[in-house]
Amino acid sequence: QESKTSGLPEYVKIVEVGPRDGLQNEKVIVPTDIKIELINRLSKTGLPAIEVTSFVSSKWVPQMSDHKEVMRGIERYPGVQYPVLTPNLQGFHSAVAAGATEVSVFGAASESFSKMNINCSIEESIDKFQEVVKAARNMNIPVRGYVSCVLGCPYEGNITPVKVAEVSKRLYSMGCYEISLGDTIGVGTPGSMKRMLEAVMKEIPLNALAVHCHDTYGQALANILTAVQMGVAVVDSSVAGLGGCPYAKGATGNVATEDVIYMLNGLGINTGVNLYAVMEAGNFICTALNRKTNSKVAQASFNIESVN
Amino acid sequence: SPGPGVRARSELSLSPQVSAAAGAFPKRVKVVEVGPRDGLQNEKTVVPTPVKISLINMLSETGLQVIEATSFVSPKWVPQMADHTEVMRGINKLPGISYPVLTPNLKGFQAAVAAGAKEVSIFGAASELFTKKNINCSIEESLERFDEVMTAARAASIPVRGYVSCVLGCPYEGKISPAKVAEVSKKMYAMGCYEISLGDTIGVGTPGSMREMLTAVMKEVPVGALAVHCHDTYGQALANILVALQMGVNVVDASVAGLGGCPYAQGASGNVATEDLVYMLNGLGIHTGVDLQKLMDAGTFICNALNRRTNSKVSQANCRL
């Protein structure tokens, strides 16, 4: 088995963020029942975690305004986690009332990004999350922490690995069980990924780390490979590569789950996910969105079939 | 390449391959630009000769050291390359830049030399079925045909680059054994090819199969004589190239704007985009000598001429920021 002798993890957990991060960055507003159908299909693929929605104000993110209905409407498969975003205490309570059993909070490694996005400093945002984490821990609800801009910021440019490590450590020590490191604008390369992870790994145990790579510059799989070679065993991705980049109009965003699985399969790494089933879910949502898939694996597979 | 050891996953230290590889990326990589030949050959729109010449001239200004200019193949088979003589004669040949051309047989070789070619390429394959379907003979027979070209090239002091197709999979045979790839590569190297470009023709390879294949080939051919030619049909190209670099390969083929679809999967992509490759190499601190902006400009030029969107994500992202 390739993975056993090469130092690669034997198993990688894939966190599917299509229904939230993906759809949130798609222009077309997707009806509630389509969202629910997508999540139900993804639940059958073997994916261990599916990010369902975001309990954020509908004023800010209209695509997620049906968060309660989606949370209540989906089938909950045993063994599958359904985390939701909760930017503040109000969102958290709303999420729990709607049945959420895992939540996520978002920090950033860039002061400018934090200011531009949620109009407060990193420190202030962490104070807000502290409230959420405290409430969540009281209810035994696990919290995942995201750190944005870990390999570059649309406003500040370069981000130091030390800053990423610092913010990650804050989120981890306040009680987040996992820290997902996001290359928000996809500018990272295997070089910057390695340097950043080396810094973060000094502060946080490997098994609490995840990478969330964007494919805006085509670097995502190479960056994920680098992370996996360093022992990271949790990878975020989005079915069909849903979700463009809000900072580069027309450019791509999330890496496609299908393409990640194809690579991990080829490395002999177990994911528990049925690639074909994911492709079918991707086909479903792309048809509903009336758009082409961003997954090259899906493109190649469906086209070979049509030629035959 | 470093030997594999078994390491506990709980160890913070990197695996032996990675820890050796971490410091072992090549300092320089030679990028072989195949857009004007492999790229255009797989584009449906036939491109006028002046546009081809302008593209190559623009690429000559980017710092690229090798630009595959055209193919001296019969226009009956490849109409896109029918103007091979005009292109070869029409381009500005800058000093320090090599402009190899494909020569599938002796006739093509002679035409290429007459048109001014100073370097040629020949194509083998690691799959019998692929060879049969493509040129209607066995691998052995195809190499015998190339012998003529090799002899003539040697007599004219013209270097020959050897391509091996289907190194990570074949559209007809499916899996391809690394031993077979090593065997064909060794033969072509022994025949006198100065470099062997290993092509993942249908892009099915992954970092796993790339590593396996290179391990086998590197037993027979020195790593300094190896290149990788990855297709991005399944989105794996850059990850595959990364592994090749980690194993010491320092020549990588790519196509400006990711020109050239896959003839075996309609609508799917083919060649990896040179811009995306250079972006990654820059990020790794690996010297290529290539000016990424000028490269993007050349890509924009040819995409406009082809009336198509670029396949390069770097180009796509940069246009919008």
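These legends accompany several close-up views of a predicted model.

Some housekeeping first: local features need pLDDT of at least 70 and side-chain atom pairs count only at pLDDT 80 or more, while totals for chains, interfaces and linings use all residues. Residues are numbered from 1 along each chain as its sequence is written, chains are lettered from A and ligands numbered from 1 in the order in which they are written, and side-chain values use heavy atoms, leaving out hydrogens and water.

**View 1. The second largest pocket has a volume of about 1300 Å³.** A pocket here is an open set of points on a 1 Å grid over the protein atoms alone, where a 1.4 Å probe fits, with protein on both sides within 12 Å along at least five of seven lines; lining residues have an atom within 4 Å of a point. The volume is the space filled by probe spheres set on the points, which are joined across faces, edges and corners. There are 45 lining residues, and Q41(B), V78(B), L102(B), N134(B) and I135(B) are the closest to the centre of this pocket. Among the elements that give two or more residues to the lining are α2 (35–41), α6 (128–135) and β7 (195–200) of chain B, and β5(B) gives the most, with five.

**View 2. Y217(A) and Y279(B) form a stacked aromatic pair.** Rings of Phe, Tyr and Trp (its six-membered ring) pair if their centres lie within 6.5 Å; planes under 30 degrees apart count as stacked, over 60 as edge-to-face and the rest as tilted. Here the centres are 4.9 Å apart, with 20° between the planes. The pair joins two chains, because Y217(A) lies in the loop between β7 (209–213) and α10 (220–229) of chain A and Y279(B) in helix α11 (residues 274–283) of chain B. Helices (H or I, at least four residues) and strands (E, at least two) are DSSP runs, numbered from the N terminus. Y217(A) is buried at 6% relative accessible area, and Y279(B) is buried at 16%. Buried means under 20%, exposed over 50% and partly exposed in between (1.4 Å probe, protein chains only).

**View 3. F130(B) and Y172(B) form a tilted pair.** Their ring centres are 6.3 Å apart and their planes meet at 40°. F130(B) belongs to helix α6 of chain B and Y172(B) to the loop between β6 and α8 (178–191), 42 residues apart. F130(B) is buried, at 6% relative accessible area, whereas Y172(B) is partly exposed, at 33%.
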